[in-house]
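Thanks for coming, everyone. Today I want to talk about what sits inside this protein. Have a look first.

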Amino acid sequence: MKKKLFFSFALALTLVLTAWTTSTLASPSRNNVSIAESSGAVSSEDTTIELVALDEHIPFECAPLSPLGAISTKQALIIDGTISYLYCTFDEPNIACELLRSEIPELLQFLKNEYSLPEFSYGTWSEYWGKSINMHEVPSNSADINQQAVVFNCFADIMCNATRNEEIIQYISARGPRDLSKLATMLPYTSDLPEDLEIRITPESRATAQIFNKSKGNSYAIRYAENPNIDGYGLTYTNILGIEVADCTNFVSQILESGDIKQHDYFPDAEKGWWHAKMESLHWYSNTWQRAHEFSGFMGRSDITQSLYTFSRNIAKDYFIALDFTGTGSFDHMGYIVQVGTYNTYNGKYYRDFKIAQHTSNYLDWVSKDINHWDDYDNVGKYCIVRKQ
């Protein structure tokens with residue numbers, strides 16, 4: 001049976017690939033890291049933060065992107081003497097973009113024809129990607145396009161990492177006090193923080209401290225999974241580029257609120273709290289309300305694993321879950337489990353099936369079904385439980 005092309009989330013990747021590996025980043029102190037350049041240290045509260053360029057870049061390997069050139073981590077923060085690596089990026093993004101053309105020609109041609117797009121280039125790649133993440137089906141003879149979708153979305157993930165790094169640098173460079181808990185949600189989840197800072201940013205009064213009404217949340221998820229509550233909450237757009245609808249985290253935030261979790265309202269400051277506001281026909285959101293990585297960091301992550309089998313053993317009905325497609329350290333997608341099934345071999349993989357309510361793409365279905373591609377990331381990306389109670 002042909003699978004639907006699932007470009008859901010902020011970055012959607014499909015198909016099972018073999019031999020995906022990522023480098024393991026160590027956790028050295030400042031003294032044993034070779035630093036090429038430092039921006040100088042800044043202080044926030046009782047914490048010193050320094051941005052540094054690494055003299056020796058740390059390679060990141062992703063098999064689908066190997067023809068596109070080197071990917072590496074080039075910068076880090078030093079927070080009270082502890083190294084916190086930033087996101088990996090292409091060493092030569094212009095060349096990577098040109099090489100991509102020959103790796104995914106059928107997909108690019110399909111997008112160009114379907115949406116009357118200009119020629120694919122470094123300047124237009126995001127326009128192509130914006131269309132792809134909301135495209136649900138391709139022609140029946142689309143095996144090549146499905147395979148190429150993985151490459152394209154891996155590429156987009158790495159390209160967006162440059163913007164993620166810029167946001168972090170701008171935040172720590174801004175004048176005035178910085179919210180260290182906000183910084184922690186922006187950094188890769190693979191980054192280390194000083195132990196005392198981990199304690200200081202541990203949520204005690206956030207939404208995590210409230211009791212979630214699972215019955216109400218589950219009912220809301222089922223009702224609005226396939227038909228978004230646009231009047232109540234609007235639609236949100238891609239985390240980084242803001243070019244197309246990417247509503248997955250907005251949806252899980254709605255589920256939380258429907259389950260009697262009160263907002264942490266700092267309107268109109270999008271950098272603080274967890275909130276949504278509607279003024280006439282306009283909707284406003286905090287970053288934690290609409291961005292998967294910030295939401296998961298704010299609410300708390302646990303049980304991170306590459307194994308779908310292990311993940312399926314740990315989850316339960318009414319759990320909020322997150323997915324990192326490429327292992328670069330940023331969670332890209334959110335979902336909500338409305339039902340848990342049985343252990344079996346599905347599509348060649350053994351795990352316990354579970355039914356997910358999600359947006360972008362909008363569906364309510366089992367992981368084992370064709371429309372659902374969470375199983376494609378088994379031993380490829382990483383799964384995570386969010387706000388575990």
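Predicted model: local features only at pLDDT ≥ 70, side-chain atom pairs only at ≥ 80, totals over all residues.

Start with helix H1, residues 93-103. Which of its residues are buried? Ala96, Cys97 and Leu100. They span an arc of only 100 degrees around the axis, so they lie on the same side of H1. An α-helix has 3.6 residues a turn, so residues three or four places apart point the same way.

Now the largest nonpolar core. It has 31 residues. Which members touch the most others? Leu65, Phe90, Leu100, Phe120, Trp125, Phe152 and Phe155. So what about the helices? H1, H2 (105-115), H3 (125-132) and H4 (143-173) each supply at least two residues of this core. H4 gives the most, with 10 residues.

Take Phe155 next. Set aside its neighbours within four places in sequence. Phe155 is then in contact with Leu65, Leu68, Phe90, Ala96, Cys97, Leu100 and Trp125. That list includes Ala96, Cys97 and Leu100, the buried residues of H1.

There is also a second, separate core, of 30 residues. Among them are Phe212, Ile255, Ala292 and Leu364.

How values were computed
Residues numbered from 1 in each chain as written. Heavy atoms only, no water. Buried < 20%, exposed > 50% of the residue type's maximum accessible area, 1.4 Å probe, protein only. Helix = DSSP H or I, 4+ residues; strand = E, 2+ residues; numbered from the N terminus. Arc of directions from axis to C-beta. Core = buried A, V, L, I, M, F, W, Y, C linked by side-chain atoms within 4.5 Å. Contact = heavy atoms within 4.5 Å.
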